[in-house]
Amino acid sequence: MNRSIKKVAVLGSGVMGSRIACHFANIGVEVLLLDIVPKDAGSDKKSRNKIVDDALAFALKSNPSPIYRKTFAKRIVTGNFDDNMKDIANCDWIIEVVIERLDIKKQVFDNVEKYRKPGTLISSNTSGIPIHLMNEGRSEDFQKHFCGTHFFNPPRYLKLLEIIPTPKTSPEVIDFLMKYGELYLGKTMVLCKDTPAFIANRIGVFGIMSLFHMVEKMGLTVDEVDKLTGPVLGRPKSATFRTCDVVGLDTLVHVANGLAAGVPNDEAKEYFKLPSYVAKMVENKWLGSKTEQGFFKKVKGANGKSEIHSLDLKTLEYKPSVKAKFATLEKTKTIDNLRERVKVLAAGTDKAGEFYRATFYGLFAYVSNRIPEITDELFKIDDAMKAGFGWDMGPFEYWDALGVAETVKAMEAAGNLPDGQAGKPAQWINDMLSSGATSFYKLENGSRKYYDIPSKSYKVIPGTESFILLDNIRPTKTVWKNSGATLTDIGDGIVNLEWNTKMNSIGAEVIEGINKSIEIAEKDFRGLVISNEGANFSAGANVGMIFMMAVEQEYDELNFAIKTFQNTMMRVRYSSIPVVVAPHNLALGGACEMSLHSDRVVAHAETYMGLVEFGVGLIPGGGGTKEFAVRLSDELQEGDIELNNFRDRFLTIGQAKVGTSAYEAFDLGYLRKGKDVVVISRNRLLAEAKLNCIELAEAGYTKPTPRKDIRVLGKQALGLAYLGANSMQVGNYISEHDVKISQKLAYVLCGGDLSAPTLVSEQYLLDLEREAFLSLCGERKTLERLQSIITGGKILRN
């Protein structure tokens with residue numbers, strides 16, 4: 001069947017429903033969002049739609065935003081179940097997101113059956129109710145097109161979408177949803193069995209509940225646990241207890257209670273029972289952020305400032321948070337590679353090491369015993385935990401890092417650990433090791449394969465054939481590398497440059513990598529993509545290097561460094577092969593300047609791009625200010641409009657504006673309409689960038705000519721900028737130093753104090769930009785801001 005999704009109905013506008021609606025609007029789909037009519041509603045549409053309208057308005061005001069661009073919300077039409085259920089007849093997919101009660105869901109489906117046209121997809125976003133129970137009593141066509149679609153909150157940011165079919169769900173429907181979710185919604189798709197809590201919540205809630213019991217027995221504090229289970233372990237900053245506060249302890253307890261009742265044969269079922277301190281917190285309604293206290297509480301200190309206090313789990317009293325310290329953690333500070341770091345964590349000889357061993361061993365035993373109960377393939381558990389809980393590695397990947405055979409022996413030797421975390425790996429683990437297989441994953445011929453339990457062989461992970469994953473091909477396809485950058489052949493005459501520095505910042509080794517990559521690509525390839533698989537594309541230039549040169553007053557060296565950066569960006573612009581930049585997440589400062597100079601940007605939707613130098617007392621010095629002058633020239637019109645455009649460009653840099661999505665980057669002028677593109681699926685970003693690079697090459701790409709026709713406004717706009725900055729200072733909105741930066745920025749954008757609008761060259765503007773940048777580097781306030789970023793706040797005294 002040639003199925004397409006043009007319009008979706010979302011039934012239920014609560015926290016999940018309204019945000020699911022927003023994410024469909026993000027990808028261009030029309031959405032019908034419905035909810036109940038208020039009991040006291042009149043006959044007018046406004047009062048009858050009050051619940052759904054208020055819910056959507058609240059979602060759109062929330063931070064972080066569920067919508068890529070505010071105007072996308074116009075794609076959502078609201079209504080109510082009584083007046084507008086008939087409108088679902090025009091929808092291609094109906095998603096039920098009402099309260100987690102089977103009787104209410106069945107009432108909704110009764111209504112859906114009256115209006116739904118045959119063949120329309122229908123799904124439930126339940127997080128715990130068995131899918132097959134909702135299917136009972138429904139028509140054959142309904143059952144054939146029905147399944148569970150479990151989004152994770154917030155749907156825009158958490159990438160997991162679990163698909164839970166029933167025995168009566170059509171295979172065509174399953175295949176369609178699995179492909180659609182990945183390609184268009186940008187999701188990591190995990191096909192689940194219809195078991196309690198499905199995959200991610202089953203494993204995740206076990207992890208949290210077992211930790212609740214472990215903490216009680218080991219005598220660890222809330223602050224210590226969150227230190228141990230955060231970024232050092234490859235988990236989100238919110239770690240464990242802060243995550244519980246954000247999600248809501250009542251929500252967690254609801255799932256845990258459901259599991260305690262729903263998995264009577266689970267060997268770890270005792271862990272789903274609430275420890276006494278958790279039960280008391282629920283009784284006291286200490287549920288987290290929603291009740292303003294949970295494991296943490298914000299209080300006013302003696303000095304009147306807000307402080308964060310944490311809960312003493314023994315006394316249930318709040319006390320000032322204490323920074324946790326462990327010798328094992330100290331040993332990992334210089335280890336950036338997570339696989340290497342977890343080895344040190346698990347080998348620790350202090351309480352932290354004991355904690356990690358107990359955590360790992362309990363988790364490993366539990367996930368191995370969930371196969372084949374919740375899934376037949378181990379990679380699905382890893383995918384679910386990474387995409388749904390924000391883990392950098394899944395359970396089986398952690399196990400691989402520690403060594404499967406070695407860990408099994410250690411688990412056997414540990415026996416019943418002091419914390420109660422006993423667990424025996426499933427028999428298939430021993431069978432796997434006996435067969436000669438030593439790991440759950442392996443790289444072979446550029447493909448990542450997983451261990452398939454039934455066949456006792458390794459198979460390519462389904463669905464990854466369309467992805468280009470650098471970790472898979474780098475070992476055999478490296479063309480060139482230095483200490484920080486790597487050039488990889490990604491096929492069809494295209495190479496990819498990546499770098500691996502702290503926050504992927506751009507320093508000397510990256511600059512060398514860009515120039516060398518272009519040189520190699522011009523000689524032996526058709527095009528160059530600049531992309532990486534780090535947490536962020538790049539946080540910008542290495543400010544530490546700039547600070548050290550400036551504080552030592554090495555201005556000749558600093559001038560040379562800035563000129564080299566400018567020349568490198570111009571090399572990106574004026575190479576003889578197409579250069580495509582594919583950013584994701586942070587793309588700030590120098591990374592934004594690189595994007596501005598590329599032939600095309602293929603940006604992930606979650607790209608946060610901006611020229612942020614103003615915030616550290618500088619202006620963009622790697623061609624960013626020049627490029628804004630170029631783009632301003634290309635869009636200028638005579639009269640007031642050109643001054644309005646100038647003001648917008650000036651304020652974008654002057655207020656260090658960062659787009660909160662790739663679509664906002666278009667609005668801010670960082671991306672070009674009709675030229676740059678957005679990709680929703682992170683996994684497909686590099687493959688799409690490669691296709692765009694091939695397209696440019698095959699269209700007969702020729703080396704551009706440096707611009708000498710840039711129209712700058714001179715004094716006409718300079719006076720406007722100076723007046724605005726001075727007015728802001730008089731109103732105490734900006735400092736004297738901010739005025740100075742504003743004047744330098746305006747001077748470059750205007751091409752200097754020219755008496756009339758004039759045509760100038762790019763090099764002329766680059767020289768002005770570099771001169772302004774260097775002069776600001778000598779300012780004490782700039783040095784203080786740079787130092788504050790590097791050291792965390794200590795200000796220069798001499």
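1. Contact here means heavy atoms within 4.5 Å. By that rule, Thr195 touches Glu373 and Ile374, with residues up to four places away in sequence not counted. Thr195 is buried, at a relative accessible area of 13%. Buried means under 20% relative accessible area, exposed over 50%, and partly exposed in between (1.4 Å probe, protein chains only). Thr195 sits in the loop between β8 (188-191) and α9 (200-218). Helices (H or I, at least four residues) and strands (E, at least two) are DSSP runs, numbered from the N terminus.

2. A word on the basis. This is a predicted model: local features need pLDDT of at least 70, side-chain atom pairs count only at pLDDT 80 or more, and totals for chains, interfaces and linings use all residues. Residues are numbered from 1 along each chain as its sequence is written, and side-chain values use heavy atoms, leaving out hydrogens and water.

3. Now the sheet. Seven strands form an open sheet with mixed pairing, in the order β15-β16-β17-β18-β19-β21-β23. Two strands pair if DSSP finds at least two bridges between them. β15 (478-481) and β23 (677-679) are the edge strands, each pairing on one side only.

4. Inside that order, β18 (residues 527-530) and β19 (residues 579-581) pair in the parallel sense, over three bridges. Val529 has Val580 in β19 as its bridge partner.

5. Last, α29. This helix (residues 685-698) has 14 residues and reaches 20 Å from its first C-alpha to its last. That is close to the expected 20 Å, which is 1.5 Å times one less than the number of residues. Its buried residues include Leu685, Leu686, Lys690 and Cys693. Gly700 follows α29, with a positive phi near 85°.
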